[in-house]
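Here's a quick tour of a protein for someone meeting it for the first time. Have a look at the sequence and the fold, then read on.

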Amino acid sequence: MAARDNLAGIALMSAAVLGFSLNDVLGKWLMATYSVSQVLVLRSIAALLILAPLLVREGAAPLLRPKRPGLQVMRVVFGTVEVACFYWAVSMMPLADTMAFWMATPIFVAVASALFLGEHLDRWRFGAVVLGFVGVMLTLGAGLDAGWKPMAIAVFGVVVYSGYLMSTRALRGTSARVLATYQMLGALVFGLVMAPFTWVPVVWVDVALLMVLGVVGVAAHLAVTRSLALAPAPVVVPWQYAMILWGILFGWIFFNEVPEPLMLAGATVIIAAGFWLTRMELRDARKEA
């Protein structure tokens with residue numbers, strides 16, 4: 001039974017990673033024409049339409065009376081800023097380069113957990129963190145052609161995303177549907193505030209594509225949630241690193257982007273550090289068992 005659940009969890013995580021990667025391709029494509037705020041508005045509307053029937057079945061009480069509202073607001077701010085940073089960065093950088101930065105998230109989370117949550121960072125985890133930052137430096141070197149602005153946005157986005165993951169972890173007792181709804185409402189409000197300053201007329205075909213962006217995003221998020229419910233995180237999380245492979249493939253197919261050797265080296269080092277941290281988590285899980 002455990003083996004079957006693990007396989008199902010891996011399959012769901014792999015499907016989610018493919019969905020996120022296709023979402024990123026579509027987002028990069030649309031960002032060539034539209035502003036970040038427009039993409040957030042229409043993406044959020046589509047996602048909320050998908051979530052509405054799920055929330056009706058769950059009832060309004062969890063949504064109207066949230067636990068730890070201050071942390072909920074902080075999480076929404078983190079998540080909205082992170083998505084905006086990703087779309088902004090990917091509009092100026094190759095797809096695979098942008099994804100490589102986001103693959104460094106476990107490194108930032110490990111550091112933040114030690115600094116703010118008091119979690120132990122032993123010498124092996126510290127070694128993985130150092131290795132991960134070497135990978136980030138290599139990726140930064142590969143991205144010099146794009147200029148410092150997109151790289152600064154990407155690094156800031158990853159830092160904010162780490163805060164988003166930590167706040168999500170702290171709210172793990174809250175329904176995934178409720179968390180997703182708050183996130184989409186926050187992105188919608190942010191987009192509506194900013195859109196009047198950057199609005200571009202939208203053609204109907206692109207409206208449909210923007211709606212697809214929201215639908216695929218929600219489906220992928222729910223797949224990740226279900227994957228983590230079926231299998232332990234150390235079993236399924238490493239499969240997220242397949243995203244960089246999809247980024248290289250889709251960047252080449254759709255945008256004629258060929259990754260630089262230095263970027264590939266940086267991505268490889270980041271992934272190695274991520275697997276190292278995952279191995280530490282598995283070791284600790286076995287000890288606790």
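Leu-71 is found in helix α4; helices here are DSSP runs of H or I with at least four residues, strands are E runs of at least two, and both are numbered from the N terminus. Keep in mind that this is a predicted model, where local features need pLDDT of at least 70, side-chain atom pairs count only at pLDDT 80 or more, and totals for chains, interfaces and linings use all residues. Residues are numbered from 1 along each chain as its sequence is written, and side-chain values use heavy atoms, leaving out hydrogens and water.

- Leu-71 counts as buried, at 17% relative accessibility (buried means under 20% relative accessible area, exposed over 50%, and partly exposed in between, with a 1.4 Å probe and protein chains only).
- Setting aside neighbours within four places in sequence, Leu-71 touches Ser-167, Ala-170 and Leu-171, where contact means heavy atoms within 4.5 Å.
- Leu-71 and Ser-167 sit 96 residues apart in sequence, yet their C-alpha atoms are 6.8 Å apart in space.

**The whole protein**

- The protein has 13 helices and zero strands.
- Buried residues make up 46% of its 289 residues.
- Of the contacts with a separation of 6 or more, 90% are between residues 24 or more positions apart.

**How α4 meets α5**

- Two packed helices are described by the angle between their axes and the distance between the axes.
- Helix α4 (residues 69-90) and helix α5 (residues 95-102) pack at about 150 degrees, with axes 9 Å apart; axes are lines fitted to C-alpha atoms, for helices over the stretch in contact, and angles run from 0 to 180 degrees between N-to-C directions.
- That angle makes α4 roughly antiparallel to α5 (under 35 degrees is roughly parallel, over 145 roughly antiparallel, 65 to 115 roughly perpendicular, and the rest oblique).
- On the α4 side the contact uses Glu-82, Cys-85, Phe-86, Ala-89 and Val-90, while α5 brings Leu-95, Thr-98 and Trp-102.
- By class, that contact has six nonpolar, one polar and one charged residues (Ala, Val, Leu, Ile, Met, Phe, Trp, Tyr, Cys and Pro count as nonpolar, Asp, Glu, Lys and Arg as charged, and the others, Gly among them, as polar).

**Helix α12, one side in and one side out**

- Helix α12 (residues 242-255) has 14 residues, which should span 20 Å at 1.5 Å a residue, and its end C-alpha atoms agree at 19 Å apart; the expected span is 1.5 Å times one less than the number of residues.
- Its buried residues are Met-243, Ile-244, Gly-247, Phe-250 and Gly-251.
- They're on the same side of α12, because they cover an arc of only 130 degrees around the axis (the arc is that of the directions from the helix axis to the C-beta atoms).
- Leu-245 and Trp-252 are exposed on the other side of α12.

**Just past α12**

- Asn-256 follows α12 and lies in the loop between α12 and α13.
- Most residues other than glycine have a negative phi.
- Asn-256 has a positive phi, near 55 degrees, and is a residue other than glycine.
- Asn-256 counts as exposed, at 64% relative accessibility.
- Over in helix α13 (residues 261-288) lies Thr-268, which is exposed with a relative accessible area of 52%.
- Thr-268 and Ile-244 are 24 residues apart in sequence and 9.5 Å apart in space, C-alpha to C-alpha.
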